[in-house]
Every structure is written in structure tokens, then in C-alpha cells.
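Thanks for coming. I will go through one structure today, starting with its overall layout and then moving to a few local details. Please look at the display first.

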Amino acid sequence: MAEDLNADRLTEAVADSFDDTADPRLRQVLQSLTRHLHAFINEVELTYEEWEAGVDFLTRTGKTCTETRQEFILLSDVLGASMLVETLNDVHTPEATASTVLGPFHMIDSPRRGLGEHISPQSAGQLCVVHGHVRDSRGAAIAAALVDVWQANADGFYDVQQPGVQDEGNGRALLTTDESGRFYFQSVVPSYYPIPTDGPVGELLSATGRHEFRPAHIHFIVTAPGYRELTTHIFVNDSKYMDSDAVFAVKESLVRDFVARPAGTPNPCGISEGFVEAQIDLVLHYDGMESTL
């Protein structure tokens, strides 16, 4: 005859139900998740109405996801979960460039572009040149690394947010480093911008009195065979919201000066007019694993 389970025994019964999970890591994660989730429900004495509201919130979050929008990543970002995962994993590769959040807009394949090309040809704004090297932890150049770049325009919008205004792929590029490990491209200086607030995550921010803005930045994903994939940003030093990023993703080591250069200043893109210059070297951790973008 089945016996009633009190709260503590219920938690352990659910955790024990995963004892035969073949994958030991999966077993650890599920049992820990069960205990923490049950502890949270007990701590706040969750009501049935609140449970229903939570299920509805998660259901609507899933329904908001599309091919060009990932509301669950956005939710993870505003709860700081994305950055906590990044921070915990960075501990194992201190010699590499610091990582930060993927964000919700890496949803399409970036067009392949040549080094020095303008990656935001449909965007008006202050011309900038971004350049640097991809290196290993010893400083050696990594040739033929893939550098995936994406950014908002000077008005604070990604291509996927403005269909009919920006073509898909504007503000994006997939570059290949040269034999010296160099990458370089032209773009416009991006603006700070609001994360999407027309979905469940926006409701959460509104209900809690939090703002929705991110400081200006440019995203990178860098891959090379044998190296751990790097997902990172560079942040525009004088941008608003640098101290209150809605997704908690600013790291001091990733903040860069975007420096005004007069016409005639030498640059890898061969620009003769005045521009703004930003530079970052991206350091990868060697792990012996094959990695492809």
C-alpha cells in the first residue's frame, strides 16, 4: 500500500527516481536540480496560483522563440544565469580572453566577408575600424581561425529586428584570420540598446522596476581546430549603461577605447577618411579538440 510522502520524503523520492540514470553527470544534475527546486518551493511557500503563473510564463517564453529570437536565452541573461555559467567556465582557462554571453541575436549564419570589408554597409553612423590578432596562450598567431562578428547599428538595432530596413546579414561577418592571425574589418560604432521587451522577459523587467538597456558592444565567436571556442564582446568604453548592463555581462578586460583618428591615419582597411579605431587580441585556450563554426 502506498504511503503519503511529506515534503522531505517527496524530495528524496524524486531524487532517488534518477538513481538508475546511466550517465553519472546527468544523474548528478537532475538530482541536484530536484533538491534545489524543491527547496525553493518550500522556502517561498509557493501557492498554486503562483505555480500556475510560473508555468504560464515559461510556456509563453517558449512560444516567443523564433528562428531569429531566443527568449529563453534572454531570460537566462537577465537572471544572470548566462554570466554565471561563463564565469565558472572561465576559471579553467585563465590565460584565454574572458568570455561573455552569447546574447539572443546570434540566430542566423553570418555572411562570409573578406578581411577589411565593411560588415554594416546599410548602416549610417560613425565609421570604425576594428582589428586585432587571434593568438594562443603563448602569443603564437593562429592562422585560418574563424571570427564570427555581429553587432547592432548606430540606432541600437540588429538586422533581425528590422526586416525591411536592414537586410539579413547586415552588421555580421564571418572572417578568416590571415597567416599572421590578423583580422580586421570596417563597421559603424554601435549604440547602446534595449533588449527586447515585448515578450515575457520584458514583463519581468517591468514588474521588477529594472531597465532593459545594454551598453554598446560588438560580439565575437572565435574557433580554430584544437582550441576551445571563445564567445566574447568588446564594449565601447564611454557607452551609457556600462555600470548597469541588463544582462550583467560587462567585464573590465573587454572594455576598449574607440579612438578617433584623423584622415590619412594608416589602417589595415586602407581607409583614407577619418575613422574611429578599436583593437583587441583574442586569445584561445588549446584543448586538443576539433572545433568548427
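A word on terms before the layout: the domain bounds I use come from an automatic or database domain assignment. Also keep in mind that this is a predicted model. With that said, the protein chain splits into domain 1, residues 7-46, and domain 2, residues 81-284. Taken over C-alpha atoms, the centres of domain 1 and domain 2 are 39 Å apart.

Next, helix H4, which covers residues 71-78. Which residues of helix H4 are buried? They are Glu71, Leu74, Leu75, Asp77 and Val78. These residues cover an arc of only 160° around the axis, so they sit on the same side of H4. As for what covers the buried residues of H4, that includes helix H3 (48-64), H5 and helix H6 (200-208).

After H4 comes Gly80, which has a positive phi, near 80°.

Now to the aromatic rings. The structure holds eight aromatic pairs. One of them is formed by Phe105 and Tyr158, and that pair is stacked, with 4.6 Å centre to centre and 25° between the planes. Where do Phe105 and Tyr158 lie? Phe105 is in the loop between helix H5 (81-90) and strand S1 (127-136), while Tyr158 is in the loop between strand S2 (146-151) and strand S3 (172-176). The pair therefore ties together parts that are 53 residues apart in sequence. Phe105 and Tyr158 are both buried. Tyr193 comes in as well: ring pairs link Phe105, Tyr158 and Tyr193 into a cluster.

Last, the cysteines. How many disulfides does the structure hold? It holds zero. Take Cys128: the closest cysteine sulfur is in Cys269, and at 9.1 Å from the sulfur of Cys128 it is too far for a bond. For scale, a disulfide needs the two sulfur atoms within 2.5 Å. Cys269 is likewise in no disulfide, its nearest cysteine sulfur being that of Cys128, 9.1 Å away.

Are these two cysteines buried or exposed? Cys128 counts as buried, at 0% relative accessibility. Cys269 is buried too, with a relative accessible area of 15%. The cut-off for buried is under 20%.

That is the end of my part.

Notes: Residues are numbered from 1 along each chain as its sequence is written. This is a predicted model: local features need pLDDT of at least 70, side-chain atom pairs count only at pLDDT 80 or more; totals for chains, interfaces and linings use all residues. Side-chain values use heavy atoms; hydrogens and water are left out. Rings of Phe, Tyr and Trp (its six-membered ring) pair if their centres lie within 6.5 Å; planes under 30 degrees apart count as stacked, over 60 as edge-to-face and the rest as tilted. Helices (H or I, at least four residues) and strands (E, at least two) are DSSP runs, numbered from the N terminus. Buried means under 20% relative accessible area, exposed over 50%, partly exposed in between (1.4 Å probe, protein chains only). The arc is that of the directions from the helix axis to the C-beta atoms. Contact means heavy atoms within 4.5 Å.
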